[in-house]
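User: I would like to learn how to read the features of a structure one by one. Can you walk me through one?

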Amino acid sequence: MTMDPFFVPVSGFDLPRFAGVASFMRLPVVMPDHPRFAEVQIGLVGAPWDGGTTNRPGPRHGPRSLRDASTMIRAENGATGVRPFEAVRCADLGDVGPNPADLMDSLARMEAYYARLRAAGIVPLTAGGDHLCSLPILRALAKDRPLGMIHFDSHTDLFHSYFNGSMYTHGTPFRRAVEEGLLDPHRVTMIGIRGTAYDREDRDFAEAVGIRVIAIEEFHARGVADVMAEARERAGQGETYVSYDIDFIDPAFAPGTGTPEIGGPNSFQALQVVRELAGVRIVGADVVEVSPPFDVNGATAYMGASVMFELLCVMSGAVLAEA
């Protein structure tokens with residue numbers, strides 16, 4: 001494929017990284033009415049919404065901080081040698097416009113936005129936002145068939161409801177996704193789960209429907225390569241979504257999140273698990289729960305931007321495999 005200079009990020013040799021308007025990884029901003037919108041293969045999208053948060057808010061500001069931090073990303077993955085901006089056409093597609101006063105309307109707006117991306121053949125890489133953002137994305141991408149999912153998190157997000165009946169929070173998206181037939185639970189693997197709990201309702205549900213939950217103790221005991229081999233095997237050759245909650249990472253490395261849990265992976269393991277996704281048929285991915293109010297030195301945003309770049313690298317391989 002001949003590299004199109006329009007879709008190549010601005011180089012730090014041409015404009016200092018602290019200058020210019022911050023876009024995801026310094027890519028061109030291509031809104032839906034742009035004449036080259038239909039040429040985009042992977043679209044980076046902001047979902048500035050945290051209406052599903054049950055305790056510490058702030059992820060609505062995540063996309064802005066992730067854009068700023070991502071200006072440090074360069075052209076080549078130093079570990080894998082992948083140059084995603086030369087392999088596929090990538091662009092910053094701007095933000096989904098939520099309704100901050102109406103949760104259900106925000107879910108509908110997001111679903112409609114991602115349905116448009118799917119119709120255009122654009123694979124989305126989303127910066128959240130809280131984890132409820134994943135539900136409308138899945139509603140759009142899995143409308144015709146259930147997807148597999150590889151989920152990095154310290155929580156399962158499989159709870160039935162909150163406060164005896166609130167069905168839509170950042171702790172419930174994947175319970176709803178299974179109930180709505182958006183996910184094939186036998187192709188879902190949740191990695192890094194830990195922390196104190198109210199009860200075992202989420203784990204019991206996972207076991208009942210066939211979701212594989214790999215707790216952090218098992219993750220550390222087996223190691224990244226072994227755990228990820230199982231996740232890839234369960235995903236199989238089918239279309240798969242990747243959801244990455246920043247609180248998967250130990251708060252020593254990523255403190256800026258609403259519900260941190262100690263004992264998680266370090267920053268190298270946080271990147272390593274994504275590199276091990278190579279070969280998975282990824283049709284969309286997200287990085288969620290970066291909360292700038294709790295990220296006083298910007299380390300969490302830079303960690304999140306780095307994870308997004310690793311995801312972009314493996315997603316570019318998946319897009320090329322489908323071409």
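User: Is Cys90 buried or exposed?

Analyst: Some ground rules come before that. This is a predicted model, where local features need pLDDT of at least 70, side-chain atom pairs count only at pLDDT 80 or more, and totals for chains, interfaces and linings use all residues. Residues are numbered from 1 along each chain as its sequence is written, and side-chain values use heavy atoms, with hydrogens and water left out. Now the term: buried means under 20% relative accessible area, exposed over 50%, and partly exposed in between (1.4 Å probe, protein chains only). Cys90 has 0% relative accessibility, so Cys90 counts as buried. Cys133, at 1% relative accessibility, counts as buried too.

User: How many disulfides are there?

Analyst: A disulfide is a covalent bond between the sulfur atoms of two cysteines. The working rule is a pair of cysteine sulfur atoms within 2.5 Å. By that rule the count is 0 disulfides. Take Cys90: its nearest cysteine sulfur belongs to Cys313 and is 9.2 Å away.

User: What does the secondary structure of the chain come to?

Analyst: Helices (H or I, at least four residues) and strands (E, at least two) are DSSP runs, numbered from the N terminus. The chain has 10 helices and 8 strands. Next, overall size. The radius of gyration is taken over C-alpha atoms, and the globule rule is 2.2 Å times the number of residues to the power 0.38. The chain has a radius of gyration of 18 Å, close to the 20 Å from the globule rule for 323 residues, so it is as compact as a globular protein of that length. Along the principal axes, the C-alpha atoms fill a box of roughly 55 × 45 × 40 Å.

User: What share of the residues in the chain is buried, and what share of the contacts joins residues at least 24 apart?

Analyst: Buried residues are 54% of the 323 in the chain. For the second part, contact means heavy atoms within 4.5 Å. Take the contacts between residues at least 6 apart in sequence: 77% of them join residues at least 24 apart.

User: Which residues of helix H6 are buried?

Analyst: In H6 (residues 201-209), the buried residues are Asp202, Phe205 and Ala206. The buried residues pack against helix H5 (173-179) and strand E6 (212-215). After H6 comes Gly210, with a positive phi near 100°.

User: Which residue lies over the face of Phe205?

Analyst: The test is geometric: NZ of Lys or CZ of Arg must be within 6 Å of the ring centre and within 35 degrees of the ring normal. Arg175 lies over the face of Phe205, 4.0 Å from the ring centre. Elsewhere, the charged end of Arg56 sits over the ring of Phe294, at 3.8 Å from its centre.

User: How many aromatic pairs does the structure hold?

Analyst: A pair of aromatic rings is described by the distance of the centres and the angle of the planes. Rings of Phe, Tyr and Trp (its six-membered ring) pair if their centres lie within 6.5 Å; planes under 30 degrees apart count as stacked, over 60 as edge-to-face and the rest as tilted. The structure holds 8 aromatic pairs. One of them joins Tyr113 and Tyr114, edge-to-face, at 5.5 Å centre to centre with 70° between the planes. Another is Phe219 with Phe248: the centres are 6.0 Å apart and the planes at 80°, so this pair is edge-to-face.

User: Where do Phe219 and Phe248 lie?

Analyst: Phe219 is in helix H7 (residues 216-222), and Phe248 is in the loop between strand E7 (240-245) and helix H9 (267-275), so the pair ties together parts 29 residues apart in sequence. Both Phe219 and Phe248 are buried. Ring pairs also link Phe152, Phe219, Tyr244 and Phe248 into a cluster.

User: What is the peptide bond from Gly128 to Gly129, and where does Gly129 lie?

Analyst: That bond is cis, with omega near 15°. Gly129 is in the loop between strand E3 (123-128) and helix H4 (134-141).

User: Is Asn164 buried or exposed?

Analyst: Asn164 has 83% relative accessibility and so counts as exposed. Its phi is positive, near 60°, in a residue other than glycine. Arg26 has a positive phi as well, near 65°. At 7% relative accessibility, Arg26 counts as buried.
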